[in-house]
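This report describes a single protein model for a reader who has not seen it before. Please look over the sequence and the structure first.

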Amino acid sequence: MNIQTIHQTQAGELVPIGDNLTMSSREIAELTAKRHGDVMRDIRQMLEALGEDQRRFASMYKDSYGRDQSQYELNKELTLTLLLGY
């Protein structure tokens, strides 16, 4: 499954995309009170360690200025793996 959508949700809410539940890196950052850049770094490291292609989980969102910004959309399993690491 390739997630390449512009996607904004309420912080901390798992959002169905197709049959999968996902959580964005921005939601994880807010939930854990970490900087989004640090969460993105941790996700890249986790995905590399697991041998996953980072592009599979990459998506874009519009910031408050209307600019495209990067984020990751992780499925439930990867979200829990990351959170347990914290």
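Met-60 stands opposite Ser-70 in strand 4. Strands here are DSSP runs of E with at least two residues, helices are runs of H or I with at least four, and both are numbered from the N terminus. The bridge partner of Tyr-61 in strand 4 is Gln-69. Strand 3 and strand 4 (residues 68-75) are paired in the antiparallel sense over 5 bridges; two strands count as paired if DSSP finds at least two bridges between them. The two strands form a hairpin with 5 residues between them, and Gly-66 in the turn has a positive phi of about 80°.

Buried means under 20% relative accessible area, exposed means over 50%, and partly exposed lies in between, with a 1.4 Å probe and protein chains only.

## Basis of the model and overall layout

This is a predicted model, in which local features need pLDDT of at least 70 and side-chain atom pairs count only at pLDDT 80 or more, while totals for chains, interfaces and linings use all residues. Residues are numbered from 1 along each chain as its sequence is written, and side-chain values use heavy atoms, with hydrogens and water left out.

The protein has 3 helices and 4 strands, which run β-β-α-α-β-β-α from the N terminus on. Of its 86 residues, 33% are buried. Among contacts with a separation of 6 or more, 52% are between residues 24 or more positions apart; a contact means heavy atoms within 4.5 Å.

## The nonpolar core

In soluble globular proteins, nonpolar side chains tend to be buried together. A nonpolar core is taken here as a set of buried Ala, Val, Leu, Ile, Met, Phe, Trp, Tyr and Cys residues joined through side-chain atoms within 4.5 Å. The largest such core has 13 residues, of which Ile-43, Leu-47, Tyr-72, Leu-74 and Leu-82 touch the most other members. Helix 1 (25-32), helix 2 (36-49), strand 4 and helix 3 (76-85) each supply at least two residues of this core. Helix 2 gives the largest share, 5 residues.

Which residues does Leu-47 contact, leaving aside its neighbours within four places in sequence? They are Glu-52, Gln-54, Phe-57, Tyr-72 and Leu-78.

In helix 1, the buried residues are Ser-25, Glu-27, Ile-28 and Ala-29. Thr-32 also lies in helix 1, and is partly exposed because its relative accessible area is 23%. The side chain of Thr-32 reaches the backbone oxygen of Ile-28 at 2.8 Å. Beyond four places in sequence, Thr-32 is in contact with Val-39, Leu-83 and Tyr-86. Thr-32 and Leu-83 are 51 residues apart in sequence, and their C-alpha atoms are 8.3 Å apart in space.

Ala-33 is found in the loop between helix 1 and helix 2. Although Ala-33 is not a glycine, it has a positive phi of about 60°. Ala-33 counts as exposed because its relative accessibility is 73%.

## Thr-79 in helix 3

Thr-79 has its place in helix 3. Is Thr-79 buried or exposed? Thr-79 counts as buried because its relative accessibility is 4%. A polar atom of its side chain lies 3.4 Å from the backbone oxygen of Leu-74. Not counting residues up to four places away in sequence, Thr-79 touches Met-23, Ile-28 and Leu-74.

## Aromatic rings

A search of the whole structure finds 0 aromatic pairs, where rings of Phe, Tyr and Trp (its six-membered ring) pair if their centres lie within 6.5 Å, with planes under 30 degrees apart counted as stacked, over 60 as edge-to-face and the rest as tilted.

Two tyrosine rings have a charged side chain over the face. Arg-26 lies over Tyr-61, at 3.8 Å from the ring centre, and Lys-34 lies over the face of Tyr-86, at 4.6 Å from the ring centre. A charge sits over a ring if NZ of Lys or CZ of Arg is within 6 Å of the ring centre and within 35 degrees of the ring normal.

Terms used:
Polar contact = N/O pair within 3.5 Å; in protein donor to acceptor, adjacent residues only side chain to side chain.
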